[in-house]
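Please look over the sequence and the structure below. A short briefing follows, grouped by topic.

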Amino acid sequence: MSWTTLLLLAAGAYGFKAAGTFGLARFMSGDRARGIGALLPPALLAALIAVGTLSTEQSLVVDARLAGVAAGAVAVWRRAPFWVVVVVAAVVTAALRRLTDGALVLT
Amino acid sequence: MKDRSRTRQLLATHYVRDGIVLGLTVGVFAVGFGVLAVTNGLTVLQTCAMSLLVFTGASQFAAVGVLSSGGSPAAAVGSALLLAARNGFYGVTMSQHIRGSVVKRAVAAHLTIDESTALGTGQDDPADVEGGFWAGGIGVFVFWNIGTAIGAVGGGAIGDPNALGLDAAFPAGFIALVAPALRHRSGQLASIGGAVIALAAVPLVQPGIPILLAAGAAVIALAVAGAPPAPTSTSTSPGPPAESETGRGAAGGASA
């Protein structure tokens with residue numbers, strides 16, 4: 001990778017962050033802006049949760065991740081500390097993968 | 001002495017601990033990124049510069065992945081930026097919480113990623129939002145860059161992070177951080193809508209775009225259920241209680 005490509009990528013990535021931080025927010029004010037600001041994270045993070053749990057590249061898949069994330073969700077529901085949620089999800093996923101030899105994949 | 005008690009006070013703050021947990025998890029993937037980048041022809045210096053300057057994990061993996069499969073630099077930058085675009089939405093949200101000098105907000109912009117936004121907006125007490133954001137941003141920044149350097153210099157000594165189940169750790173961690181938003185109807189609609197839109201889009205469009213489309217769920221939820229109730233501080237006394245003092249101290253120290 002050339003340094004030019006790398007710096008273009010860095011500029012582009014920062015451009016999006018800065019556009020949101022300094023630019024777009026200026027055009028929005030009042031209750032509507034606060035509402036959108038408050039609702040964007042749950043919408044985007046829920047999308048990340050769904051895509052991160054149930055897809056690989058461009059296919060929808062069910063594999064060991066679903067069990068791990070479900071176990072993590074139970075930990076959240078039982079008000080476990082954050083690190084417990086993360087560890088439970090990882091351990092359940094890793095254990096299931098090992099037990100099934102990674103064969104548990106439904107596309 | 002003062003420094004040590006300050007460190008102890010920081011570590012006692014719940015979101016600082018959560019930021020470290022997020023950072024450590026991210027750090028394992030960073031080692032993988034460092035290995036992947038170097039084995040695909042990036043120099044150690046370029047690999048480390050990328051993590052410092054681009055600082056968006058998914059984009060970095062995408063850029064190196066496209067190049068390694070023979071794609072053009074333009075294709076690499078294009079698919080990486082599709083994944084980076086969502087940080088613009090996070091910027092809109094965080095700009096409502098982070099006030100201060102242009103320099104401070106410019107630094108905050110660089111740290112505006114999934115994890116920092118999630119840890120900031122996932123706080124119950126509105127007084128903790130900014131502290132949570134800095135804890136997530138700095139925690140991930142530090143470990144992401146340390147991990148990258150280890151991977152780039154050390155080579156292929158590490159195993160697959162997925163064998164440790166860490167690919168499931170992020171969705172689970174984000175569930176914990178979205179949970180407070182599920183208390184009101186507009187937050188529930190935004191979350192369910194975002195997940196459904198993104199999953200429906202996965203087979204149809206390039207990676208990165210499904211998450212961008214999910215932003216539409218925020219607009220729909222606002223139209224259907226209205227703005228979520230304005231958060232109120234969970235602290236009872238009107239004066240600045242000890243806990244929010246800690247929060248502000250963490251934020252101030254982090255941004256210095």
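The lining of the largest pocket is made up of 26 nonpolar, 15 polar and 9 charged residues. Here Ala, Val, Leu, Ile, Met, Phe, Trp, Tyr, Cys and Pro count as nonpolar, Asp, Glu, Lys and Arg as charged, and the others, Gly among them, as polar. This is a predicted model, in which local features need pLDDT of at least 70, side-chain atom pairs count only at pLDDT 80 or more, and totals for chains, interfaces and linings use all residues. Residues are numbered from 1 along each chain as its sequence is written, chains are lettered from A and ligands numbered from 1 in the order in which they are written, and side-chain values use heavy atoms, with hydrogens and water left out.

**The largest pocket**

- The volume of the largest pocket is about 1700 Å³. Of its 50 lining residues, the closest to the centre are Gly52(A), Phe29(B), Ala58(B), Phe61(B) and Leu83(B).
- A pocket is an open set of points on a 1 Å grid over the protein atoms alone, where a 1.4 Å probe fits, with protein on both sides within 12 Å along at least five of seven lines; lining residues have an atom within 4 Å of a point.
- Grid points are joined across faces, edges and corners, and the volume is the space filled by probe spheres set on the points.
- Helix α4 (residues 57–68) of chain B gives the most to the lining, with 6 residues. Helices (H or I, at least four residues) and strands (E, at least two) are DSSP runs, numbered from the N terminus.

**The nonpolar cores**

- The largest nonpolar core holds 66 residues, and Leu9(A), Met50(B), Trp144(B) and Phe174(B) touch the most other members. Helix α2 (residues 30–54) of chain A gives the most to this core, with 10 residues.
- A second, separate core has 5 residues, including Ala75(A), Val76(A), Val85(A) and Ala89(A).
- A nonpolar core is a set of buried Ala, Val, Leu, Ile, Met, Phe, Trp, Tyr and Cys residues joined through side-chain atoms within 4.5 Å. Buried means under 20% relative accessible area, exposed over 50%, and partly exposed in between (1.4 Å probe, protein chains only).
- Which residues does Phe174(B) contact, leaving aside its neighbours within four places in sequence? They are Leu45(A), Leu48(A), Ile49(A), Asp114(B), Glu115(B) and Ala118(B). Contact means heavy atoms within 4.5 Å.

**Chain A**

- Chain A has 4 helices and 4 strands. From the N terminus on, they run α-α-β-β-β-α-α-β.
- Of its 107 residues, 44% count as buried.
- Among contacts in chain A between residues at least 6 apart in sequence, 47% join residues at least 24 apart.
- Chain A exposes about 5500 Å², with 67% of it supplied by carbon and sulfur atoms. Accessible areas come from the Shrake-Rupley method with a 1.4 Å probe; for residues, only the protein chains shown count as cover.

**Positive phi in chain A**

- Glu57(A) is not a glycine, yet its phi is positive, near 50°. Glu57(A) sits in the loop between β1 (55–56) and β2 (59–60). Its relative accessibility is 69%, so Glu57(A) counts as exposed.
- Arg79(A), also not a glycine, has a positive phi of about 60°. The loop between α3 (64–77) and α4 (82–100) of chain A holds Arg79(A). Arg79(A) counts as exposed because its relative accessibility is 73%.

**Chain B**

- Chain B has 13 helices and 0 strands.
- Of its 256 residues, 49% are buried.
- Among contacts in chain B between residues at least 6 apart in sequence, 73% join residues at least 24 apart.
- Chain B exposes about 10700 Å², and carbon and sulfur atoms supply 67% of it.
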